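Here's a quick briefing to read with the model open beside you. Have a look at the fold, then work through the notes below.

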Amino acid sequence: MGAAFFEEMQKEGGTVVKSGLCVVCKGAHLLCGKPRCPLMIKFYSRQRSKPLTDMRDLAGSSPPAVFVGRYGYPKVDIGPLVPGEFGDTSIMDTPERWMGKSIDEVVDMRYRLVRGKYTIDAKDFRRYGKIVGDIQELALTERPVDVEASFRERPRGRIVLDDEVQPFGPSARMEGFRKSNGKWERNLEKNFYDTDLNATKAVLEAYNSGTLISEIQKAFSVGTMGIEKNRRFVPTRWSITAVDDIIGKDYLKRTRFYPTIDDFRVYRWEQLDNRWCIVMMPTTWRFELIEAWYPDTAWNPAVSAAPAGDCASDHMGRKIEIIHDSEFFGSRWEYAHIGGCYYASRMAVNELLEREGRTAGAVICREAHPGYVMPVGVWNVRENVREALRQVPLHFDTLDKALDYVCTIMDIPKRTWIRNSDVFTDFLRQRRIEDYYGAHATEIYGER
């Protein structure tokens, strides 16, 4: 079945894989070393949605969902995401509701959404008339909307592995597109008509009024926010990070100056074979995201031998890839190497600090284990960090004890986390005023 899928995709001209190994394997022999082939997960979802790709006309209830591409910007493809079913499909495009779902369930939901494509100029979108207006209305609508789309050709499946955006299903160029009317989300509607309100304030007003981040990101991407002359379509990938960054930076204007927490905390969580430990430290603001990708995971598929004595390796001696980005009190100005996950997790940490009216140093330790066979989008980081911070933390009086506990949850040893952390290293090496007071008191009063 796997081989037939690959052969069919190649006949259709679809982009299947970039690795020659996968072409040889064809999903049957697991030559990549993964416990399950990520393309096969999509294959089974595709089989369930295959009737959607056998026709050039499709009707269903959009969650509502839209997608704005990035290739060729400012000339980009925009369009609706349409399932071949009617009813309450809202969960298909609401990642805030995906906690507890498996990769299979997420991929299945997303792959049942067919993407229609229509090319526009993102900076001059108004001249395209009704189709642009309909896409904007769809992004602003609160509940599922019935949509009909006709395509030039039957939709083709495209294998997309991207850590920034959610997986999506087959796509095709649209010849026509019709939708029913729906009620707009009230905060997004207000922003749409306020053409003197800049985009940053529009994002913050909607968020602070209770609009879901995923809803704001859609509205942001289709040019419905900001001063009239500055509005434009923004690729979905960029809009996701932009909204997380806007909200996170706004929090930091306040949380950076709150009093510090009183002790060391560790929050833990596990989902989709990702382990999370968030260490909160009683210091001024600093932040770091450390990701450890085990062999046979989405971004570490190679089976390579680790150098002798390298403690960042699994039990078979294969190298664990560790990446990190950090900032201290003054924040960072360069774009994070980790990408959108950095800004999503920073925003989530500051949500907690704002609720408590405190500041802290925060280090997020993430281990991605082999069960995480494919990336499912930035939402995975944002929502898992949020969920971790909803748990009751354990409290410690030293960083050393906090890290000892982390290592009972994680497989990677303490010295490796420290070696790959700017924040931990700085805390352990930098002398502080309390260190001086402690030493001075000993000189005066002696050891007790």
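At what angle do the axes of helix α9 and helix α10 cross? Roughly 35°, with the axes of α9 (residues 236–255) and α10 (residues 340–356) coming within 8 Å. Axes here are lines fitted to C-alpha atoms, for helices over the stretch in contact, and angles run from 0 to 180 degrees between N-to-C directions.

Keep in mind that this is a predicted model, where local features need pLDDT of at least 70, side-chain atom pairs count only at pLDDT 80 or more, and totals for chains, interfaces and linings use all residues. Residues are numbered from 1 along each chain as its sequence is written, and side-chain values use heavy atoms, with hydrogens and water left out.

**The whole chain**
- The protein chain has 15 helices and twelve strands, which are DSSP runs numbered from the N terminus (helices are H or I, at least four residues; strands are E, at least two).
- Take the contacts (heavy atoms within 4.5 Å) with a separation of 6 or more: residues 24 or more positions apart account for 76% of them.

**Where α9 meets α10**
- The α9 and α10 crossing is left-handed, that is, the near helix is turned anticlockwise from the far one by less than a right angle (clockwise would be right-handed).
- On the α9 side, the residues making the contact include T241, D244, I247 and Y251, while α10 brings in Y343, R346, M347 and N350, among others.
- By class, this contact has seven nonpolar, five polar and seven charged residues; Ala, Val, Leu, Ile, Met, Phe, Trp, Tyr, Cys and Pro count as nonpolar, Asp, Glu, Lys and Arg as charged, and the others, Gly among them, as polar.

**Strand β5 and its partners**
- Five of the seven residues of β5 (residues 145–151) are buried, so this strand is largely enclosed by the rest of the structure.
- Strands pair if DSSP finds at least two bridges between them; six join β1 (residues 57–62) to β5, running antiparallel, with A59 opposite E148.
- Five bridges join β5 to β6 (residues 171–179), also antiparallel, and A149 has F177 in β6 as its bridge partner.

**E367 up close**
- E367 is found in strand β11 (residues 361–368) and is buried, at a relative accessible area of 0%.
- The E367 side chain makes a polar contact with the side chain of H369 (2.8 Å); such a contact is a pair of N or O atoms within 3.5 Å, and within protein one must be able to donate a hydrogen and the other to accept it, with residues adjacent in sequence counting only if both atoms are side-chain atoms.
- Leaving aside neighbours within four places in sequence, E367 is in contact with residues including D273, R275, Y294 and W417.

Conventions:
Buried means under 20% relative accessible area, exposed over 50%, partly exposed in between (1.4 Å probe, protein chains only).
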